[in-house]
Amino acid sequence: MKIRLIAVGTKMPTWVASGYSEYAKRLPNEVSLECREIPLSKRSKSLDVERAVQREGEAMLAAVGKGDKIIALDVNGKMWDTHQLAHQLGDWQLSGRNISLLIGGPEGLSTQCRQAAEQRWSLSPLTLPHPLVRVLVAEQLYRAWTILNNHPYHR
């Protein structure tokens, strides 16, 4: 199974790239994790924020793999504890489909991204900076995999 982390924003700080890649490389080939960055739409007086977010959403949906299950990271989504995430990961693997996780930019996800999602996942009721979400998601996916495979990392 391939998990695509489709995230708005490019040119992440070194600590983000380093943290994300550390956990992504720990995952085995049967649960590979890749990040596809979507450029942040330019904001200007002539282009309102709503339209910029809509453009980002269109680009995100274009980056989704054919037949992928789309999961939106959304503050209004369902919160899973680590064991529930492990269960979700196991279900995703059994489905035989690849996964696209959508992470919005500073203003969040577009309406069309939320509507296209088969699931919505909330990491926290806190507002998290979108670069940090990449690292957090990668670590939690790795942790969920370790639970499913009785690896000692989780202990």
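Biologist: How many bridges join strand E3 to strand E4, and in which sense do the strands run?
Modeller: Strand E3 (residues 69-79) and strand E4 (residues 99-103) run parallel and are joined by 4 bridges. Strands pair here if DSSP finds at least two bridges between them. Helices (H or I, at least four residues) and strands (E, at least two) are DSSP runs, numbered from the N terminus.

Biologist: What should I know about the source of the model?
Modeller: This is a predicted model, in which local features need pLDDT of at least 70 and side-chain atom pairs count only at pLDDT 80 or more, while totals for chains, interfaces and linings use all residues. Residues are numbered from 1 along each chain as its sequence is written, and side-chain values use heavy atoms, with hydrogens and water left out.

Biologist: Which residues of E4 are the bridge partners of isoleucine 70 and lysine 69?
Modeller: Isoleucine 70 has serine 100 as its bridge partner in E4, and lysine 69 has isoleucine 99.

Biologist: And how many bridges are there between E1 and E4?
Modeller: E1 and E4 pair over 5 bridges, in the parallel sense. In E4, leucine 102 is the bridge partner of isoleucine 6.

Biologist: What is the strand order of the sheet?
Modeller: The sheet is open, with 5 strands in the order E2-E1-E4-E3-E5 and parallel pairing. Strand E2 (32-38) and strand E5 (119-122) stand at the edges with a single partner strand each, so one side of each has no neighbour in the sheet. On average, neighbouring strands of this sheet are turned by 30° against each other, direction ignored.

Biologist: Which helix packs on the sheet, touching E1 to E5?
Modeller: H5 does, touching strand E1 (2-8), E2, E3, E4 and E5. The direction of H5 makes about 165° with that of E1; axes are lines fitted to C-alpha atoms, for helices over the stretch in contact, and angles run from 0 to 180 degrees between N-to-C directions. Contact means heavy atoms within 4.5 Å.

Biologist: Is E4 buried or exposed?
Modeller: 5 of the 5 residues of E4 are buried, so the strand is largely enclosed by the rest of the structure. Buried means under 20% relative accessible area, exposed over 50%, and partly exposed in between (1.4 Å probe, protein chains only). Both faces of E4 are covered, with Ile99, Leu101 and Ile103 buried on one side and Ser100 and Leu102 on the other.

Biologist: What about arginine 4: where is it placed, and is it buried or exposed?
Modeller: Arginine 4 is in strand E1 and is buried, with a relative accessible area of 8%. Not counting residues up to four places away in sequence, arginine 4 touches several residues, including Glu34, Arg36, Asp68 and Ser100.

Biologist: Back to H5: what span does it reach?
Modeller: Helix H5 (residues 130-148) has 19 residues and reaches 27 Å from its first C-alpha to its last, close to the 27 Å expected at 1.5 Å a residue. The expected span is 1.5 Å times one less than the number of residues. H5 is mostly covered, since 16 of its 19 residues are buried.

Biologist: How do the axes of H3 and H5 cross?
Modeller: The axes of helix H3 (residues 82-95) and H5 come within 8 Å and cross at roughly 80°. H3 and H5 are therefore roughly perpendicular to each other, a label for angles of 65 to 115 degrees. The residues of this contact divide into 9 nonpolar, 5 polar and 1 charged. Among them, Leu85, Leu89 and Trp92 are in H3, and Leu141, Arg143 and Trp145 are in H5. Ala, Val, Leu, Ile, Met, Phe, Trp, Tyr, Cys and Pro count as nonpolar, Asp, Glu, Lys and Arg as charged, and the others, Gly among them, as polar.

Biologist: Changing topic, what is the phi of lysine 11, and of asparagine 150?
Modeller: Lysine 11 has a positive phi of about 55° although it is not a glycine, and asparagine 150 has a positive phi of about 50°. Most residues other than glycine have a negative phi. Lysine 11 is in the loop between E1 and helix H1 (14-26), and asparagine 150 is in the segment after H5.

Biologist: Are these two buried or exposed?
Modeller: Lysine 11 is exposed, at 80% relative accessible area, and asparagine 150 is exposed at 62%.

Terms used:
Angles under 35 degrees count as roughly parallel, over 145 as roughly antiparallel, 65 to 115 as roughly perpendicular and the rest as oblique.
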